[in-house]
Structures are given as structure tokens and as C-alpha cells.
Amino acid sequence: MSAAEAVLERMNRTAMVTALGVTAAPELAVLRALERAGNRMFPRSERARLKGVPPWEIYIHLPADPSRLDELLTAAWELPAVAGFPEELISALDAYTRTLLVSGHAFDRDDLQRVLARL
């Protein structure tokens with residue numbers, strides 16, 4: 001491998017890591033919010049019927065009641081706020097998460113990237 005090819009390869013890896021970092025933190029924040037909501041949707045005694053379903057995917061099988069969204073997402077955005085996420089980003093992630101919870105559509109990284117691209 002030539003020196004120029006080695007530099008290009010390092011640049012490509014750096015770009016990939018940077019791109020991953022830009023989307024990884026918001027992705028983790030959304031998945032954590034979905035997990036919190038999933039853990040709050042049902043008492044543990046009723047979770048037997050969804051045994052084996054991770055908490056962040058419960059809403060796919062049983063979409064959330066829109067009137068419970070505030071309750072289900074209580075404190076879901078505290079850590080992103082502490083980590084320095086801008087309010088505009090948190091609002092966009094919250095809106096995206098609420099849409100998923102009510103619609104029952106599975107989380108999709110590409111959809112989240114489209115949400116992020118609009119900011």
C-alpha cells in the first residue's frame with residue numbers, strides 16, 4: 001500500500017468514526033427512551049406474554065396509548081440534556097420517539113438519520 005493509499009484509508013476510517021459518532025449518541029438516546037417506555041407500559045406481572053421481547057421493542061407488538069406518552073417518557077431525556085444535547089435535538093428525538101411509540105413502527109437508523117438531517 002502506498003503512502004497516499006494509507007492516508008486515504010485513515011481518512012476514510014476517521015470519516016466513518018465521525019459519522020458513527022454523530023448518529024450513535026442520538027440513536028442510543030432514542031433506544032433508551034423506548035426502553036424506558038417499554039418498561040413502563042405494563043406491570044411486570046403482565047410482561048409474561050411478551051417474554052423474550054426486549055423492552056425497547058414492546059411498542060412494536062403493542063403500540064402505546066397516546067394519552068400515556070408523557071408518563072411513559074418521564075425523565076427519558078435527562079441524560080441527553082446533561083450530556084449537552086441541544087434542546088432542538090432533544091425535541092426532535094422526543095417527537096420521533098413519540099411517533100414510533102404510537103405507530104408501532106420499528107426503530108430504523110435511516111429514519112433517524114433523516115430526522116437528524118432536518119435539523
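**Figure 1. Aspartate 94 within helix α5.** Aspartate 94 belongs to helix α5, which covers residues 87-103, and the view is taken from a predicted model. With a relative accessible area of 17%, aspartate 94 counts as buried, because the limit for that class is under 20%. When neighbours within four places in sequence are left aside, the residues in contact with aspartate 94 are Leu73 and Trp77.

**Figure 2. Tryptophan 77 and the residues around it.** Tryptophan 77 sits in the loop that runs between α3 and α4, and at a relative accessibility of 11% this tryptophan is classed as buried.

**Figure 3. Alanine 75 in the loop between α3 and α4.** Alanine 75 is placed in the loop between α3 and α4, the latter helix spanning residues 78-82. Although alanine 75 is not a glycine, its phi is positive, at about 65 degrees.

**Figure 4. The packing of helices α5 and α6.** Two packed helices are described by the angle between their axes and by the distance between those axes. For α5 and helix α6, the latter made of residues 109-117, the angle is about 145 degrees and the axes are 10 Å apart. The crossing of α5 and α6 is right-handed. On the side of α5 the contact is made by Leu89, Ala92, Leu93 and Tyr96, and on the side of α6 by Asp111, Leu112, Val115 and Leu116. Sorted by class, the residues of this contact comprise seven nonpolar and one charged, with no polar residue.

**Figure 5. Leucine 93 and the largest nonpolar core.** The largest nonpolar core holds 29 residues, of which Val30, Trp77, Leu93, Leu101 and Phe107 touch the most other members. At least two residues of this core come from each of α1 (3-41), α2 (58-61), α3 (69-72), α5 and α6. The most is given by α5, which contributes seven residues. Leucine 93, not counting residues up to four places away in sequence, touches Pro26, Ala29, Val30, Trp77, Phe85, Leu112 and Leu116; among these partners, Leu112 and Leu116 belong to the α6 side of the contact between α5 and α6.

**Figure 6. The protein chain as a setting for the close-up views.** The secondary structure of the protein chain consists of six helices and zero strands, and the elements follow one another from the N terminus as α-α-α-α-α-α. Of its 119 residues, 34% count as buried. When contacts between residues at least 6 apart in sequence are considered, 61% of them join residues at least 24 apart. The protein chain exposes about 7,600 Å², of which carbon and sulfur atoms supply 59%.

Note on methods. Residues are numbered from 1 along each chain as its sequence is written. This is a predicted model: local features need pLDDT of at least 70, side-chain atom pairs count only at pLDDT 80 or more; totals for chains, interfaces and linings use all residues. Side-chain values use heavy atoms; hydrogens and water are left out. Helices (H or I, at least four residues) and strands (E, at least two) are DSSP runs, numbered from the N terminus. Buried means under 20% relative accessible area, exposed over 50%, partly exposed in between (1.4 Å probe, protein chains only). Contact means heavy atoms within 4.5 Å. Axes are lines fitted to C-alpha atoms, for helices over the stretch in contact, and angles run from 0 to 180 degrees between N-to-C directions. A crossing is left-handed if the near helix is turned anticlockwise from the far one by less than a right angle, and right-handed if clockwise. Ala, Val, Leu, Ile, Met, Phe, Trp, Tyr, Cys and Pro count as nonpolar, Asp, Glu, Lys and Arg as charged, and the others, Gly among them, as polar. A nonpolar core is a set of buried Ala, Val, Leu, Ile, Met, Phe, Trp, Tyr and Cys residues joined through side-chain atoms within 4.5 Å. Accessible areas come from the Shrake-Rupley method with a 1.4 Å probe; for residues, only the protein chains shown count as cover.
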